[in-house]
Amino acid sequence: MTKQRELILSILKQSDRHLTADEIFFLAKLKMPSIAMATIYNNLNALDEAGVIHRLHIDGVADCFDKLTEPHDHLLCTHCGRIRDVRLPSVRPAIEGDIGTPFSEYELVVHYTCPECARK
Ligand SMILES: [Zn+2]
Ligand SMILES: [Zn+2]
């Protein structure tokens, strides 16, 4: 693994958030000022394809990257945009029962107001 790839992976592993490529670029530059945005993209794509990280796409939100690759769902705060993990029982059996056929994957995003925003 290259130094750049190690750095990008460690940034994701150390964060408790789902980071966008821009955020990873900003954090990587602090440690490796010479790193280029293209390097960030290339490494994120390679890590995603290798299944080491997971690219999360939510409509209307910048793609972000998830260190958690096991199946889980997401909560999106519609006020601050923060994305959190949530583990729900799989709805796969219910969907398959309804459509009558197996399917490859689903992505469940719950839109809500996070506790911090609700307090304001
Ligand atoms: Zn919020
Ligand atoms: Zn996640």
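Two strands are taken to pair if DSSP finds at least two bridges between them, and helices (H or I, at least four residues) and strands (E, at least two) are DSSP runs, numbered from the N terminus. The structure described here is a predicted model, in which local features need pLDDT of at least 70 and side-chain atom pairs count only at pLDDT 80 or more, while totals for chains, interfaces and linings use all residues. Residues are numbered from 1 along each chain as its sequence is written, and chains are lettered from A and ligands numbered from 1 in the order in which they are written.

Under these terms, strands S5, S4 and S6 form, in that order, an open sheet of three strands with mixed pairing. Strand S5 and strand S6 (109-112) are its edge strands, each of which pairs on one side only, and the twist from one strand to the next averages 30 degrees, where axes are lines fitted to C-alpha atoms, for helices over the stretch in contact, and angles run from 0 to 180 degrees between N-to-C directions. Strand S4 (residues 73-77) is joined to strand S5 (residues 83-86) by four bridges in the antiparallel sense, whereas S4 and S6 run parallel and are also joined by four bridges. Leu76 stands opposite Ile83 in S5 and opposite His111 in S6, while Leu75 stands opposite Val110 in S6. The hairpin of S4 and S5 has five residues between the strands, and in this hairpin Gly81 takes a positive phi near 80 degrees.

A further open sheet of three strands has the order S1-S3-S2 and antiparallel pairing. Its edge strands, each pairing on one side only, are strand S1 (19-20) and strand S2 (54-56). Two bridges connect S1 with strand S3 (residues 64-66) in the antiparallel sense, and Phe65 in S3 is the bridge partner of Leu19.

The loop between S2 and S3 holds Val61. Two residues are in contact if their C-beta atoms, placed from the backbone, lie within 7 Å, and Val61 touches Leu76 and Gly81 when residues up to four places away in sequence are not counted. A residue is called buried if 20 or more other C-beta atoms lie within 10 Å of its own, exposed if 12 or fewer do, and partly exposed in between; because Val61 has 14 C-beta neighbours inside 10 Å, Val61 counts as partly exposed. The C-alpha atoms of Val61 and Asp16, which are 45 residues apart along the chain, are separated by 18 Å.

Turning to the helices, the axes of helix H1 (residues 3-14) and helix H3 (residues 37-49) come within 10 Å and cross at roughly 75 degrees. H1 and H3 are therefore roughly perpendicular to each other, since angles of 65 to 115 degrees count as roughly perpendicular, those under 35 as roughly parallel, those over 145 as roughly antiparallel and the rest as oblique. On the side of H1 the contact is made by Gln4, Arg5, Ile8 and Leu9, and on the side of H3 by Thr39, Ile40, Asn43, Leu44 and Leu47. These residues divide into five nonpolar, three polar and one charged, where Ala, Val, Leu, Ile, Met, Phe, Trp, Tyr, Cys and Pro count as nonpolar, Asp, Glu, Lys and Arg as charged, and the others, Gly among them, as polar. Helix H4 (residues 92-99) lies largely in the open, because the number buried among its eight residues is zero. After H4 comes Gly100, whose phi is positive, near 75 degrees.
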